Amino acid sequence: MKKASRTGQPALSTPINLPILNESDSQTSPQCQNLFFLLLPDYQSPASDSVNNFDFSNNNSEPFVTDQVIETQEQNNQQKNVEGFIFLSFQADYFFSTEILQNPSLPVDFVVYQNIDEQPLINDVLYSSVPKLTAQSLAKTNAYTQQSILQIVDQAWQVFWAPNDNFTKSFERNLYPLYLFAGLSMSFLVFLLSRLHSKTLTQAELATHDLYASQEALKRSRLLYQAVVENASDLVTIIDLVGNVLYASPSHEEVLGYNPEDLANINAFQLLHPDDFESVRIKVAGLADGGSGRAEFRFKRKDGSYILLEGIGTGIVDDRGKVGAVFIISRDITERKEIEKRKDEFMTIASHELKTPVTSLKIYTQYLQEYFQKCHDPVALELLNKMNQQLGRLTNLIRDLLDVSRLEAGKLQLRTSIFDLTKIVKETIAIVQLTTEKHTIYLTSSRVAMVQADPDRISQALVNLLTNAVKYSPQSDRIEVSVNADNEQVKVCIRDYGLGIPKSKRKQVFDRFFRLNRPKSETYAGFGLGLYICAQIIDRHEGKIWVQNTVGPGSTFCFSLPIVAKKRKSRKKQNRSTKIRQKDKKPNKLLK
Amino acid sequence: MPTKILVADDDPAILDCLQMFLTAEGYQVDCLADAAQITTNYSRSNLPDLILLDIWMSGSSGKEVCLRLKKHRLFKKVPILLVSAHQDTAKIAQEIGADGYLLKPFDINELRSLVKKFDKS
């Protein structure tokens with residue numbers, strides 16, 4: 001009715017199931033199927049005139065044709081003019097029973113069109129016995145094998161119909177390609193799903209395999225670490241920050257005599273030598289911030305004796321990011337210390353044994369020099385001068401080797417005092433000047449430069465730098481030394497006009513045993529230790545040493561030392577400085 | 001009377017050259033290879049004016065000898081110069097109360113000037 005109201009056109013109602021009264025026994029049959037109403041709009045008179053362009057008067061055999069001029073305006077007029085509706089019942093079963101005379105009770109599928117064109121459209125369907133009739137199934141109208149024209153109230157209605165079985169067969173036959181397509185699609189979908197499943201399964205299997213492999217690797221790694229720790233000859237210990245033993249490797253029994261289970265209830269700090277207790281405790285506490293540290297300490301064995309251990313500790317960070325324990329690997333260094341001690345003794349003996357014959361040679365040589373000088377024998381004197389120079393070289397080589405040995409062992413002792421560096425520079429220049437007749441060493445200095453240092457070692461560094469300047473500038477006759485001080489530091493530079501040093505090698509010259517590759521004619525004897533020792537000496541005094549860029553030939557070596565603060569020059573401080581000097585000074589090696 | 005210098009060193013070459021040089025310088029030189037014999041070889045009447053003492057000698061330690069001499073009633077006023085190749089000679093000399101030191105190998109001018117400071121003649 002809505003459609004009829006909206007369009008002003010005839011329409012069919014939805015199917016209506018009416019109970020059929022059986023007159024014989026006054027019972028109702030279950031239902032009456034395919035019953036619906038035809039709704040015919042009834043127009044007002046003027047409108048009826050106006051809508052007479054609908055040709056209702058054609059002969060009955062002709063299908064009812066609307067002009068399809070249901071233009072909006074006219075439609076609106078029709079709607080306005082609809083006065084009411086004429087309801088006519090259409091009982092499909094009855095209709096088709098008259099059409100199918102052979103078998104009136106045969107079930108029928110049918111569709112009713114308002115449009116009686118040959119190609120009906122889905123929108124023209126007024127009624128279909130097949131639920132959810134689609135355009136596609138409508139296109140298969142050959143499923144409906146019969147066609148009838150229904151004349152009701154001068155209107156023609158086209159009815160396509162077919163017995164149920166025929167319709168179904170035909171419809172299904174028409175659907176075969178669809179079934180085929182659907183089947184193929186399903187197969188393809190199944191194939192895709194199967195592939196996807198297979199792939200997913202493979203990925204899952206791979207992931208599972210990887211997980212399993214990772215677990216196995218982790219297990220192997222754990223076993224490996226466990227084996228390393230359990231079989232290590234070093235002591236592997238885990239303690240908390242206050243020294244309680246959390247884990248001790250089996251090696252503790254062999255090295256210290258303690259069963260690891262015994263140590264689990266012991267505070268390791270209590271077994272430290274009393275002299276080492278505080279330093280180790282502080283170092284372990286220092287690991288609370290993370291990082292690692294090293295310490296040498298004496299540890300009490302089960303038999304009561306002490307063993308010298310070297311331990312390297314690392315803080316273990318827990319889940320909360322805090323260090324709650326320390327992992328320590330320790331080893332017995334008694335033997336190593338003994339070897340170091342023997343090495344020191346050897347170096348001392350070697351020093352003594354090498355220097356003693358040089359001492360007597362030097363005395364004899366210098367005595368003869370004086371003798372032949374008195375005798376005015378220039379040839380003998382020249383030969384003895386050369387001998388003395390070579391003895392000087394030998395002395396320096398022995399000293400350098402011993403110094404390097406001490407530096408490597410960290411045992412170069414400094415006997416510091418406060419002194420004027422400019423004065424030491426002057427004295428050293430005077431000594432080196434005696435060794436060369438060709439060169440003249442010029443000094444420029446701005447002011448007194450007080451430093452706190454070991455004067456002998458600083459002098460040694462200066463001698464090395466000056467003798468290098470002499471040695472590597474055989475073609476020139478000038479060496480310039482400058483001492484410049486400000487409030488922070490004093491800088492000493494030694495400039496020669498010799499062979500120079502390539503820019504790329506300027507840092508390497510301070511390496512141990514470094515020698516510049518020069519042509520054979522320009523090769524100079526030496527171990528390559530002088531500059532290394534200079535650098536080490538200056539470094540020990542918290543100074544700096546470098547090769548400075550030089551305009552023209554030659555090279556410029558500079559070093560700087562921190563200057564003693566002015567406040568030390570106050571009267572009170574000066575007295576203390578004097579005391580220090582008196583305490584440390586070695587006036588011409590005369591102690592009293 | 002020339003100044004009497006006692007040289008105690010276990011190396012004959014050192015004894016030989018020092019004796020030669022110091023004698024040439026006009027000193028009276030006694031040599032001892034075993035420093036432990038110093039106290040037994042000298043009496044109040046023939047005490048040396050200066051002792052040149054090696055630190056490291058076979059048989060006796062120069063350090064111990066020096067410490068003992070500094071406490072000896074006869075020798076405590078005799079100046080002692082340590083003569084050694086030991087790197088820490090200066091430190092040792094200070095520790096044991098020696099009057100000076102010479103680090104081997106030294107120049108004869110160093111020896112000459114140091115000995116001259118104790119020359120009583």
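First, the term. A residue is called buried under 20% relative accessible area and exposed over 50%, and anything in between is partly exposed. Please also keep in mind that this is a predicted model.

Let me begin with the aromatic rings. A pair of aromatic rings is described by the distance of the centres and the angle of the planes. Searching the whole structure over all chains gives 6 aromatic pairs. One of them joins A:Phe269 and A:Phe277: the ring centres are 6.3 Å apart and the planes stand at 90°, so this pair is edge-to-face, since over 60 degrees counts as such. How exposed or buried are the two partners? A:Phe277 has 27% relative accessibility, which falls between the two cut-offs, so A:Phe277 is partly exposed. A:Phe269 has 5%, and that is under 20%, so A:Phe269 is buried.

Another edge-to-face pair is made by A:Tyr367 and B:Phe21, with 6.4 Å from centre to centre and 85° between the planes. This pair crosses between chains: A:Tyr367 sits in helix α11 of chain A, residues 334-374, and B:Phe21 sits in helix α1 of chain B, residues 12-24. A:Tyr367 counts as partly exposed because its relative accessibility is 25%. B:Phe21, at 0%, counts as buried.

A:Arg478 lies over the face of A:Tyr442, 4.2 Å from the ring centre. Likewise, A:Arg495 is placed over the face of A:Tyr497, at 4.1 Å from the centre of that ring.

Now the interface. The size of an interface is often given as the accessible area lost when the parts come together. For chain A and chain B, the buried area is about 3100 Å², and carbon and sulfur atoms give 59% of that. In terms of residues, 30 from chain A are in contact with 35 from chain B.

What holds charged partners across this boundary? The rule finds 2 salt bridges between chain A and chain B. One of the salt bridges found in the model links B:Asp107 with A:Lys362, with the closest N and O atoms 3.4 Å apart. There are also 8 residue pairs in polar contact between the two chains. On the side of chain A that touches chain B, the elements giving two or more residues are α11 and α12, the latter being residues 378-408. Of these, α11 of chain A gives the most, with 16 residues.

A:Lys544 is in strand β19 of chain A, residues 544-548. Its relative accessibility is 59%, so A:Lys544 counts as exposed. Leaving out residues up to four places away in sequence, A:Lys544 touches A:Ile538, A:Cys558, A:Phe559 and A:Ser560. In sequence, A:Lys544 and A:Ser560 are 16 residues apart, while their C-alpha atoms are 5.3 Å apart in space.

The other residue is A:Asn267, in the loop between α9 (260-263) and α10 (274-286) of chain A. Is A:Asn267 buried or exposed? At 19% relative accessibility it is under the 20% cut-off, so A:Asn267 counts as buried. The side chain of A:Asn267 reaches the backbone oxygen of A:Val242 at 2.9 Å. Setting aside neighbours within four places in sequence, A:Asn267 is in contact with A:Val242, A:Gly243 and A:Asn244.

Key: Residues numbered from 1 in each chain as written. Chains lettered and ligands numbered in written order. Predicted model: local features only at pLDDT ≥ 70, side-chain atom pairs only at ≥ 80, totals over all residues. Heavy atoms only, no water. Phe/Tyr/Trp six-rings, centres within 6.5 Å; stacked < 30°, edge-to-face > 60°. Buried < 20%, exposed > 50% of the residue type's maximum accessible area, 1.4 Å probe, protein only. Helix = DSSP H or I, 4+ residues; strand = E, 2+ residues; numbered from the N terminus. Lys NZ or Arg CZ within 6 Å of the ring centre and 35° of its normal. Contact = heavy atoms within 4.5 Å. Buried area = accessible area lost by both parts, 1.4 Å probe. Salt bridge = Lys/Arg side-chain N within 4 Å of Asp/Glu carboxyl O. Polar contact = N/O pair within 3.5 Å; in protein donor to acceptor, adjacent residues only side chain to side chain.
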